[in-house]
Amino acid sequence: MVSSATEYHSAVSYGRGRLSGLGLDWGNEPSTFKTYGDLPLRPLTRDARLPAATLWGTLGRSRASRTLNLDALSSVLFHAAGLTRSCPHRDGMMFYRACPSAGALYPCEIYVQWPGGDGLGQGLYHFSVAGHGLTLLRPGNASPASLGLPGESGEALIFVTTIFFRSAWKYRTRAYRYLNLDTGHMVEGLALGLAAFEVDASMEMDFDDQAVNGYLGVDPAREGCLAVLRAACHDADGLAEPGPLPAGAAAWSRASAADALPAQLAAVHGVCSARFQAGAAMPRPEASRLGQGLNWQDLPPLPATAPATDMFRAMSLRRSRRAYSQDRLPDGALGQLIEVLGAPLHPAGHPCENACLAGFLALPGFFLLNRTALRAAEVRDGNMGPAMAGICLDQLWMRDAALQVVFLADIPALEETLGPRGYRAALIGAGRLGHRLYLAAESLGLGACGVGAFYDAEAADVLGLPSGVGLLYAVTVGVPRRAGPRKSLAGCG
């Protein structure tokens with residue numbers, strides 16, 4: 001049984017020759033859509049007017065001041081989580097979504113506390129991805145303070161949960177890594193959508209897990225909230241106390257008939273549910289164990305102009321693309337990709353801002369990045385791209401990528417500084433940054449694909465990582481082998 005995030009990360013590390021016997025139980029395949037039986041669904045509009053927005057302009061925007069309305073909420077939910085493509089799958093259809101997910105298992109669910117207005121009554125709602133609508137779970141609103149959140153009553157709260165077994169069905173105990181990475185992708189899609197609508201919003205990872213899960217009515221052994229977004233809303237009159245949940249609401253957290261979790265996964269989630277330790281923050285990359293003593297240099301000037309590609313279109317068309325041509329990135333593309341990584345994940349001084357470290361592999365070496373200061377330092381010389389392809393479970397298509405971006409964390413330092421919940425923060429941060437790369441690649445006419453499976457010790461050895469600093473996630477970017485029309489709701493992948 002694991003007792004710390006550091007112990008868990010080590011215990012679930014992959015080793016070459018130790019991955020046999022991981023077949024899938026197709027008779028117990030989890031459902032990827034959550035519904036609430038016969039409770040009525042309130043459809044959301046699919047025709048809301050979208051603001052003109054690019055990824056670079058949205059990330060570079062100063063703090064917004066508008067409030068969220070129902071049409072904007074509908075668009076934000078669709079472009080973060082909506083159905084965008086389909087293809088045949090076994091005896092039915094597989095539906096792909098705006099948000100990437102490890103193994104296309106889609107463990108994330110979204111709940112919205114709405115303060116009332118725009119024709120939607122005050123209450124807690126579940127977002128139905130399949131029906132693009134909201135199901136009322138309970139009337140009234142909980143106060144942020146009762147959930148361990150900052151803020152005032154009258155904001156819209158967007159809760160992102162994961163149903164653990166959806167990922168554990170395939171990835172077993174290692175699934176906790178992917179659950180948090182997937183949450184990061186989802187959160188970044190929501191945050192970018194809110195920013196494009198210029199809604200004053202913030203993301204919270206430090207809250208009372210037990211209180212939030214109880215309020216949502218989920219079964220905490222099967223489903224848990226990992227992140228909350230707060231969005232400014234119009235003034236709500238007569239805020240009411242939360243009403244009762246539907247009878248048996250927790251049963252809808254079950255994803256399959258036999259959805260027992262590995263003991264280590266349940267244990268690490270319990271460990272990482274502790275609140276953040278107060279009063280400390282993760283150091284800048286230059287002061288981290290990996291970055292100390294390196295020769296840090298300012299990056300060359302970034303491109304003066306950014307692509308004008310519509311961000312919402314990129315969100316709709318985004319998919320994992322890994323048929324690369326071996327061509328180098330177009331002129332200026334590396335700077336544009338680094339620029340999207342450079343926008344802060346959190347406000348200045350937030351303790352979690354440097355929980356996730358970023359680096360990139362480009363000829364001729366591995367470079368650690370200070371994202372927000374736009375500085376880099378070479379950690380190791382040489383062409384490590386082909387070796388990383390072998391380390392990532394011999395996914396040889398990675399050799400054709402023009403760029404590999406890696407996300408890392410000093411896990412013992414996270415636990416010492418922030419507590420074990422810092423591990424969740426680092427993984428969610430890696431997912432958020434990975435989502436930006438997906439959208440940037442789509443906007444630039446490039447391909448991108450995330451990789452969360454790798455031989456951990458081999459990766460640390462090739463990259464020259466100190467003991468305890470682990471690889472969390474890698475995202476490849478490359479020039480597509482064949483350029484062709486990109487259509488929403490067509491094809492699979």
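1. Helices (H or I, at least four residues) and strands (E, at least two) are DSSP runs, numbered from the N terminus. Keep in mind that this is a predicted model, where local features need pLDDT of at least 70 and side-chain atom pairs count only at pLDDT 80 or more, while totals for chains, interfaces and linings use all residues. Residues are numbered from 1 along each chain as its sequence is written, and side-chain values use heavy atoms, without hydrogens and water.

2. Let's start with the pockets. On a 1 Å grid over the protein atoms alone, a pocket is an open set of points with protein on both sides within 12 Å along at least five of seven lines, and lining residues have an atom within 4 Å of a point.

3. Which elements each supply at least two residues of the lining of the second largest pocket? They are helix H9 (333-342), strand S11 (357-362), strand S12 (365-370), helix H10 (385-391) and strand S14 (403-410). H9 provides the largest share, 4 residues.

4. Now look at the largest pocket, which has 43 lining residues. Ser 101, Ala 102, Gly 103, Ala 104 and Tyr 171 lie nearest its centre. Strand S3 (92-97) is among the elements that give two or more residues to this lining, and S3 gives the most, with 5 residues.

Conventions. 1 Å grid on protein atoms, 1.4 Å probe; cavity = no way out; pocket = protein on both sides within 12 Å on 5 of 7 lines; lining within 4 Å.
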